[in-house]
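User: I'm new to this one and would like to know what backs up each label. Can we go through it together?

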Amino acid sequence: MNREIYFIVLFIACLLLPSAVQAAMRVEVDLSTQMVKVYDNNLLLRAMICSTGAPGTPTPVGDFRIQGKGPMFVTDYGVSAKYYSAFNGDYLFHSILFDRTGKRLISRSVQMLGRPASHGCIRLNLYDAKWLQEKVPRGTPVKIRKSGRAGMKKEKVKVQVNGKLYPAWLDVRWLEGQAYLRAQQLSWFIPGKMIIKGTYIQFVREKTVLELFLSEPGLKINGRETRSCLAPQLFADGPYLPLQPVLSALGYQLEYMNKAKVIKIQTVIQLPQPNGTENVADGVYGNIYN
């Protein structure tokens, strides 16, 4: 009898173990900032821009769990989405929209990222939806709320580097109180080479190499990784970099002057030297949706 009880207890423990392991992971959705964040305990694994429900078809607020998953679905409106993960019945995390065949991207759904636009589901960039489906297990808690914080704001600014004002207007987006610069524009005022290939971003200046990945917090400086960096984000006009940590890694101090719409930058430190390697992979801006 004792032997039977032992095996019953062992069987129940084996059933409960995956849930205990997965309980440390959680998903938080902020309807105000239009951001989805995935944590493992208190470690931020990924921060993703999204589109939640439009005012007439809002995303439900509350506590849910990741449920069924699938590769693709077609809506009654004749559009499709990929890599879905259900969290409340028919409410899903899923990719930006495609045509019925799943081959042609509907660009409007990309342009609306960062703003409420869906019928209640939570739209993500394609690579983010794929990551969430693959990395976040069924049963993971999902908390959806409104923080009341300001959402995305885009504006044109100019930059002044060491007293020199550059004439070109730059694209800056504000997310959760932080400035993000369109990645291709960094080399307009800081000498260097920008390489963007898929979700990989690299900026090379002299012997300093910065490496970042879209939606993944942290950056690498000459191979040394730091997590004290916001995640780069992709919008319809290209990827955007968190300005302050990137400039700091390149040896600059940032001061944003709001009324004049001028970003003031000063050189403050020597750039770090590489860890024994100076080879930089060549690349071009590829199709981010493949």
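This is a predicted model: local features need pLDDT of at least 70, side-chain atom pairs count only at pLDDT 80 or more; totals for chains, interfaces and linings use all residues.

User: Which residue stands opposite Val161 in S23?

Analyst: That's Ile265. Residues are numbered from 1 along each chain as its sequence is written, and side-chain values use heavy atoms, with hydrogens and water left out.

User: What makes S11 and S23 a pair?

Analyst: Two strands pair if DSSP finds at least two bridges between them. S11 and strand S23 (residues 262-267) have four bridges, in the parallel sense, so they pass that test. Strands here are DSSP runs (E, at least two residues), as helices are (H or I, at least four), numbered from the N terminus.

User: How is strand S22 joined to S23?

Analyst: Six bridges join S22 (residues 252-257) to S23, and these two run antiparallel. One example is Met257, whose bridge partner in S23 is Val262.

User: Why is the contact between Asp63 and Lys143 called a salt bridge?

Analyst: The rule asks for a side-chain nitrogen of Lys or Arg within 4 Å of a carboxyl oxygen of Asp or Glu. For Asp63 and Lys143 the closest N and O atoms are 3.6 Å apart, so the pair qualifies. Asp63 lies in strand S4 (residues 62-65) and Lys143 in strand S10 (residues 141-145), so the bridge ties together parts that are 80 residues apart in sequence. By this rule the count comes to 11 salt bridges.

User: Why would such side chains pair at all?

Analyst: Side chains of opposite charge can pair when their charged atoms come close.

User: How do you know whether Asp63 is buried or exposed?

Analyst: Look at the relative accessible area: under 20% is buried, over 50% is exposed, and in between is partly exposed (1.4 Å probe, protein chains only). Asp63 has 59%, so it is exposed. Lys143, at 40%, is partly exposed.

User: What about Asp171 and Lys156?

Analyst: Their side chains meet in a salt bridge at 2.4 Å, N to O. The pair links distant parts of the chain, with Asp171 in strand S13 (residues 170-175) and Lys156 in strand S11 (residues 153-161), 15 residues apart. Asp171 counts as buried at 4% relative accessibility, while Lys156 is partly exposed at 44%.

User: What separates Glu134 and Lys130 in helix H3?

Analyst: About one helical turn, as they are four residues apart in H3 (residues 126-135). Glu134 is partly exposed at 49%, and Lys130 is partly exposed at 31%.

User: Why is H3 called largely enclosed by the rest of the structure?

Analyst: Because seven of the 10 residues of H3 are buried. Among them are Tyr127, Trp131 and Leu132.

User: Where is Gly102, and what does Gly102 touch?

Analyst: Gly102 is in the loop between strand S8 (97-99) and helix H2 (107-111). Gly102 touches Met72, Ser80 and Lys82 (heavy atoms within 4.5 Å), not counting residues up to four places away in sequence. Gly102 counts as buried, at 8% relative accessibility.
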